[in-house]
Amino acid sequence: MGSIRVFLIATMLATMTLFNFVATLQGYQSSLEEAERLFDNHLSQMVKLIANLHVEHMASNLNQSSDLAYQLWHKDQLVASSANSPKGFITELTAGFDYANFNGYRWRTLVHYAPDSDYWIVAAERTDQRFVLAEKVIIKAVTPIVLGIPLVGLLVWLIISRGLKPLRNLSFQLKHKQIDDLTAVKIPDLKDELEQVVQSINDLVRRLGSALEREKRFTADAAHELRTPISALKVQLHNIAEEVSADSQSFAQLKSGIERMQHLVEQLLSLYRFTPEEFANQFERVDIYLLAQNVLAEQHDAFEARQQSLELEGSSCYIEGDPFSLGALLQNLLSNANKYTPFGGEILVSVECSEGKVYLKVEDNGPGIKPADIDKVFERFHRLQKNLDQVFAQGCGLGLTIVKHVTELHRASIDILPSRFDSGCAFVIQFNEV
Amino acid sequence: MFLNSVILIFQETLEAAILMSVLLVFARINGIRPTWIIFAIAAGLVGALIFAFNMADISDWFDYVGQEVMNALIQLIIILCLTVFIALQSLRSRVTVSRHQNLIYITCMVAVVSLAMTREGSEIFIYIGMVLQQPEYIRPTLTGTGIGAGIGISCGTLLYYGLLGLPPRWAPVCGATLLALVSGNFASQAILNLTQADWLPYTKILWDSSVWLPEGSLQGHLLFAFFGYEATPSILQGIAYIAGMLFIGLSAYVGYRAAVHGKKLQPRGELVK
Amino acid sequence: MKFEIIMINKFTRMLALSLIAVMTLYCPHVVAKTPVLEIEIKDHLFFPATIEIPANTKVKLLIINRDSTSEEFESYDLNREKVIAGNRKAVIFVGPLSVGEYEFFGEFYPKTAQGKIVVIANE
C-alpha cells in the first residue's frame with residue numbers, strides 16, 4: 001500500500017479539497033442567484049422611478065450611464081429614451097423580466113406597464129456588467145479558499161509527519177541496527193499505539209541475545225573441555241605409533257581423524273575467543289604487509305606440497321587491529337585457497353592502500369564460486385564441492401566464518417570478486433587506514 | 001467566467017485523472033515503478049500545447065471539420081491502446097510476460113495517458129490562452145481553474161486509493177470495468193464527433209433524459225466523466241458504447257486464452273508467477 | 001509466446017479495416033442538398049441569436065468568429081461541441097431535428113454568448 005504518510009496526506013487533502021470546493025461552488029451559485037435578485041430589484045425600482053417621474057424631467061433627473069438603458073413608450077410612440085437605447089423596441093412589450101441583445105451586448109430587460117398613464121416603461125441593464133460586478137464580490141470570498149489549499153496541504157503534511165515520527169524513528173532504528181547489536185530499541189516520546197510494538201521487539205531482542213549468548217558459551221566451553229581429552233589422545237597416539245607398523249592404514253586414518261578434531265576445536269575456540277567490546281581495547285597499529293609476509297612464510301609448506309605458486313605483492317600499509325586474529329584471518333583465507341586451487345595453481349596475495357583504505361586481496365585460479373553460493377560460503381559448516389579431493393577432507397567448514405567474524409570485529413568489509421586470473425575468485429578485504 | 005472555468009477544467013481533468021488512477025493502480029499491482037507517468041504527463045502537455053497552437057489550422061482540414069476528425073481519431077487510438085493493454089493485463093495476471101510484452105504494456109499506458117491529455121489539455125490551453133488576453137477575467141478564471149482542477153485531481157486520488165484499498169482480487173476487475181466504461185465513452189464520443197462532421201449519418205435518438213438529469217448539471221457532468229452520460233444519445237452512439245465495452249471484454253478474453261494456451265505449451269511451474 | 005500477439009494483431013487489423021470501411025462509406029454524401037446557415041460571433045454574442053430551421057432536415061451551420069478570441073460552440077440539447085479559433089470559421093452539422101427549441105451557447109462566454117435553434121414544422 002506504499003507509504004502510510006503519503007496515503008494519509010493524499011487522501012486527507014483530496015477529501016478536504018473535494019468537500020471544500022464543492023461547498024464553495026454551492027456558495028458561489030447561491031450568492032450569484034442572490035445578487036441577480038438584488039440587481040433585478042434595483043431594475044424594478046428604477047422602472048417605478050421612471051414611471052413616477054414626469055417625462056420632461058427624465059433626461060435631467062436620471063443620470064446617464066452606459067450600462068443602463070431605458071425607453072418610455074406611449075401608444076407605440078417612443079416618448080423618451082436613454083442615449084444608448086436602440087431606435088426600435090428593446091424587447092417585446094410584455095410585462096416582466098427578459099433578456100435582449102442590442103448595442104453589441106446582452107441586456108437584462110424589465111418591461112413595466114403603468115395603466116393610469118398608459119405608459120410602457122422598458123429598462124435594461126447590461127448582463128455582463130451585472131455579472132462581472134457580482135462575480136468580483138464573490139470571487140474575493142472564494143480566492144482565499146483556493147489559495148488556502150496549499151497552506152492546508154503544508155499543515156497536513158507537517159501534522160501527519162509529526163504524528164508518524166515515532167513510527168519512522170522505530171523503522172529507522174530497526175533498519176540501521178547492526179546484525180549483532182542486541183541492545184533494546186529506544187524511542188523517545190513513545191505513543192500508546194507503538195508501546196506494545198516496541199515492547200515486543202525489545203522482548204524478542206533480549207531473548208535472542210540470551211539464546212545467542214548461551215550458544216556461544218556452550219560452544220566455547222565444549223571446545224575448551226574437548227581440548228584436554230584430545231591432547232591426551234594425541235599422546236596416546238604417539239605412544240601407539242611405536243607399536244604399529246608404519247604403513248598401517250587404520251593408524252593413518254586414526255591420526256588424521258584426531259588431527260581434524262583438534263583443528264575443529266581450535267577453530268571453534270578462535271571463533272568465540274573475543275567479544276566486540278573487549279576486542280577494540282586491544283587494537284594496535286599493524287603492518288598488514290609484514291603480517292602477510294609472516295603468515296605466508298608459515299604456510300609455505302602446504303603450498304609446496306600441492307606445487308602451487310604463492311606470491312605476495314604490495315607495500316607496507318597500516319591499520320588498527322589485533323595481529324593475532326588478523327593472522328588467523330589470512331591463514332584461513334590461504335588454507336582455503338590452498339584447498340580449492342588444483343595442483344600447480346597460482347595464489348596471489350596483495351596489500352595496497354589508496355584513499356584511506358587498505359585492501360588485502362587473496363586471489364587464486366581455482367574453480368571460483370558461483371554467484372548464487374557467495375552468500376552461503378560464510379555460513380558455519382558450509383562446504384563447497386564436498387568431494388573436491390582428499391586434501392579438502394581436512395577442512396571443517398568454519399574457516400570463512402572466522403574470516404567474516406574477524407572482518408566484522410575490525411569494521412572492515414569483505415567481498416568476493418572474480419580474480420585477475422582466467423578463473424578463480426578474489427577475496428577482497430577493505431580496512432580503514434591509519 | 002468562474003463557473004464555466006470550473007466546469008470546463010473539472011470535466012477535462014476528471015477524465016484524465018480517472019484514466020491515470022486506474023492505470024497507476026494496474027502498474028502498482030504489477031510492480032511497475034510509476035516513472036512512466038512522468039513521461040506520459042510530459043508528452044501529454046507537449047502534445048496539448050502543439051494541438052492547441054495548431055487548433056485553428058486543424059479545424060480547417062477536411063472542409064472545416066478537421067477538429068472533429070482529429071478528436072475522433074485520438075479517441076479511437078486510445079480505445080485501441082486500452083484494448084491491447086487489457087489483453088496484456090489479462091495475460092500477465094496469469095503468466096509471466098516477456099520483457100517485450102512488458103514494454104508494449106507500458107507503452108500502451110503512456111500512450112493512453114498522453115493522448116487523453118493531448119485532447120483534453122489542448123482545450124484547457126485554448127481557454128486559458130483566451131482568458132489571458134482579457135485582464136479582467138484572469139482572476140475569476142484562475143480561481144475557477146484551481147477549483148476545477150482541485151476537484152478533478154481529488155476525485156482521481158480518492159479513486160486511486162479506493163481501488164488499492166479493495167481486496168486484491170477485486171482491484172483489477174474494478175479497474176478493468178472502469179477502463180471498459182472509458183472505452184465505451186470514448187467510442188460514443190468518437191461517433192458523435194464523426195456525426196457532427198457529417199462523416200457518419202444521423203441516427204435517431206435512443207432516449208431523452210434531459211428533463212430528469214440535464215447534461216449541464218453537476219451530476220450530469222460527473223456521470224459524463226465516469227460513464228459518458230448523455231441526455232440524448234443517438235442509436236449509433238449507443239451501439240458504439242456497447243462495442244467499446246465489448247472490445248475491452250473481448251481483449252481480456254484473448255489475453256486469458258493466450259495465457260491458457262501458453263501454460264499448456266510450457267511445463268507448469270516455470271511460467272506461473 | 002507468439003499466439004496472443006498474432007491474435008491482437010488480427011484483432012487490431014480487423015478494427016482498423018472496419019473503421020476505414022465505415023469512414024469511406026459515409027464520407028461522400030456531404031454538401032449537395034444540405035442547407036447552410038451562417039452564424040456570426042461578435043463581441044461574444046451570436047448573430048443571429050435565434051435561428052429557424054425546418055424540421056427533419058440536416059443543416060450545416062457555418063459559424064464565423066469575428067472576435068480575436070476563441071470560443072467554444074456548445075449545446076447540450078444538440079449534443080454539439082466545437083472550438084472556434086479567433087477570426088476563423090467552423091462548420092457544424094446539425095439535425096435532422098424534430099420540432100422544438102434547442103439552446104446553444106459559447107462555453108467560454110456563456111453569460112453573453114447564448115442563442116437557440118428553433119425547429120419549425122415543414123409546410
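1. In strand S12 of chain A, A:Cys425 is the bridge partner of A:Pro418. S12 (residues 425-432) runs antiparallel to S11(A), and six bridges join the two; strands here are DSSP runs of E with at least two residues, helices are runs of H or I with at least four, both numbered from the N terminus, and two strands pair if DSSP finds at least two bridges between them.

2. The model is predicted, with local features requiring pLDDT of at least 70 and side-chain atom pairs pLDDT 80 or more, whereas totals for chains, interfaces and linings use all residues. Residues are numbered from 1 along each chain as its sequence is written, chains are lettered from A and ligands numbered from 1 in the order in which they are written, and side-chain values use heavy atoms, without hydrogens and water.

3. The open sheet of five strands in chain A has the order S7-S9-S10-S12-S11 with mixed pairing, and its edge strands, each pairing on one side only, are S7 (309-314) and S11 (413-418).

4. Helix H9 (residues 323-340) of chain A packs on this sheet, touching S7, S9 (346-354), S10 (357-364) and S12 of chain A, where contact means heavy atoms within 4.5 Å.

5. In chain B, B:Gln89 lies in helix H4 (residues 66-92) and counts as buried because its relative accessibility is 6%, the limit being under 20% relative accessible area with a 1.4 Å probe and protein chains only. Leaving aside neighbours within four places in sequence, B:Gln89 is in contact with B:Phe26, B:Asn30 and B:Tyr105.

6. The contact between chains takes seven residues from chain C and eight residues from chain A.

Technical notes:
Axes are lines fitted to C-alpha atoms, for helices over the stretch in contact, and angles run from 0 to 180 degrees between N-to-C directions. Buried means under 20% relative accessible area, exposed over 50%, partly exposed in between (1.4 Å probe, protein chains only).
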